[in-house]
Amino acid sequence: MSARHNAPVPPLPPVPGVADGEFQPAGSSILDLLHQEHQALLRLCDAAGTGGPVRQVIVAEACRHLSTEAQYLYPALRASAPAVGDMAELGLAQDVRLLVALQRLQRADGHPAEQHPAMAEVVDLLRDHVGRIDRRLAPALAAACTGTELVRLGNRAQVVREAAPTRPHPTLPVAATVRKLVDPAVGAADKLVDLLTARPTRSQDL
């Protein structure tokens with residue numbers, strides 16, 4: 001049973017009249033949130049040939065998503081489901097490859113879709129990413145963590161997603177402890193450039 005209580009989340013503050021372990025925080029599971037983001041990214045990929053703005057949104061949304069997973073999904077897997085630890089490390093390496101492809105796509109903005117070899121690579125890597133996490137890593141984390149832990153991770157994921165980078169930075173360190181410090185600063189700089197260039201970064205901007 002103890003194996004289900006290893007998720008890397010700080011202790012909750014005491015709640016008067018509620019015993020330890022009985023408090024149920026509000027929010028969504030990190031697995032539900034990431035699955036929803038996966039589906040949204042796949043829908044954007046289906047519309048990628050409609051023009052540059054869609055591709056810019058794919059870049060921004062994918063960068064936010066990868067930052068969130070680097071900060072909370074992979075550390076939770078390593079701590080709570082060590083049997084898939086090697087897959088978590090492979091996932092981080094694949095995510096760096098995806099960030100490199102996103103960077104090429106970002107730099108190629110303005111060219112017609114058929115002149116975007118990076119677009120096909122991004123779509124392929126995103127589909128691989130979604131399949132790897134939804135089919136193998138997410139079930140492993142669900143089996144290793146309590147529902148409360150998954151919700152607490154989800155609450156943190158929602159917060160860091162809003163502060164995450166919107167542009168690909170494949171050379172950033174992969175260590176979660178470093179990313180939690182670096183990503184908000186990089187994200188703030190990205191958002192300033194997005195504002196100055198009127199770049200669409202969310203599906204509702206399309």
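These legends accompany close-up views of a predicted model.

**View 1**
The protein has 6 helices and 0 strands. Read along the sequence, the pattern is α-α-α-α-α-α. The chain holds 206 residues, and 50% of them count as buried. Take the contacts between residues at least 6 apart in sequence: 80% of these join residues at least 24 apart.

**View 2. Helix 2 packs on helix 5.**
Two packed helices are described by the angle between their axes and the distance between the axes. Helix 2 spans residues 52-80, and helix 5 spans residues 147-163. Their angle is about 145°, and their axes lie 9 Å apart. The crossing of helix 2 and helix 5 is right-handed. Helix 2 brings Glu61, Arg64, Thr68, Gln71, Tyr72 and Ala76 to the contact. Helix 5 brings Leu153, Arg156, Ala157, Val160 and Arg161. By type, the residues of this contact divide into 5 nonpolar, 2 polar and 4 charged.

**View 3**
Side chains of opposite charge can pair when their charged atoms come close. Glu61 forms a salt bridge with Arg64, with the closest N and O atoms 3.1 Å apart. Arg64 and Glu61 are 3 residues apart in helix 2, so about one helical turn separates them. Both Arg64 and Glu61 are buried. Glu61 also forms a salt bridge with Arg161, where the closest N and O atoms are 2.4 Å apart. This second pair ties together parts that are 100 residues apart in sequence, because Glu61 lies in helix 2 and Arg161 in helix 5. Arg161 is buried, as is Glu61. What other residue belongs to the network of salt bridges that links Glu61, Arg64 and Arg161? Glu37 is linked into that network.

**View 4. Asp95 meets Arg132.**
The side chains of Asp95 and Arg132 form a salt bridge, with an N to O distance of 3.7 Å. Asp95 lies in helix 3 and Arg132 in helix 4, so this pair ties together parts that are 37 residues apart in sequence. Are these two residues, Asp95 and Arg132, buried or exposed? Asp95 is buried, and Arg132 is buried too. How many salt bridges does a search of the whole structure find? The search finds 11.

**View 5. Leu77 sits in the largest nonpolar core.**
This core has 26 residues. Ile30, Leu77 and Leu141 touch the most other members. Which elements give two or more residues to this core? They are helix 1 (30-46), helix 2, helix 3 (85-107), helix 4 (117-144) and helix 5. Now focus on Leu77, leaving aside its neighbours within four places in sequence. Leu77 is then in contact with Pro82, Val84, Ala88, Leu137 and Leu141.

**View 6. A second core stands separate.**
A separate core of 22 residues is also present. Its members include Leu41, Ala101, Leu105 and Leu125.

**View 7. Gln106 is a buried residue of helix 3.**
Gln106 lies in helix 3. Its relative accessibility is 16%, so Gln106 counts as buried, the cut-off being under 20%. Which residues does Gln106 contact, leaving aside its neighbours within four places in sequence? Gln106 is in contact with Gln56, Val59, Arg167, Pro168 and Arg199.

**View 8. Ala198 and Gln204 lie in the segment after helix 6.**
Helix 6 covers 176-197. Ala198 belongs to the segment after helix 6. Phi of Ala198 is near 55°, a positive value in a residue other than glycine. Ala198 has 68% relative accessibility, so it counts as exposed, the cut-off being over 50%. Gln204 is also placed in the segment after helix 6. With a relative accessible area of 62%, Gln204 is exposed. The C-alpha atoms of Gln204 and Val57 are separated by 9.5 Å. Along the chain, Gln204 and Val57 are 147 residues apart.

Notes: Residues are numbered from 1 along each chain as its sequence is written. This is a predicted model: local features need pLDDT of at least 70, side-chain atom pairs count only at pLDDT 80 or more; totals for chains, interfaces and linings use all residues. Side-chain values use heavy atoms; hydrogens and water are left out. Axes are lines fitted to C-alpha atoms, for helices over the stretch in contact, and angles run from 0 to 180 degrees between N-to-C directions. Helices (H or I, at least four residues) and strands (E, at least two) are DSSP runs, numbered from the N terminus. A crossing is left-handed if the near helix is turned anticlockwise from the far one by less than a right angle, and right-handed if clockwise. Contact means heavy atoms within 4.5 Å. Ala, Val, Leu, Ile, Met, Phe, Trp, Tyr, Cys and Pro count as nonpolar, Asp, Glu, Lys and Arg as charged, and the others, Gly among them, as polar. A nonpolar core is a set of buried Ala, Val, Leu, Ile, Met, Phe, Trp, Tyr and Cys residues joined through side-chain atoms within 4.5 Å. Buried means under 20% relative accessible area, exposed over 50%, partly exposed in between (1.4 Å probe, protein chains only). A salt bridge is a side-chain nitrogen of Lys or Arg within 4 Å of a carboxyl oxygen of Asp or Glu.
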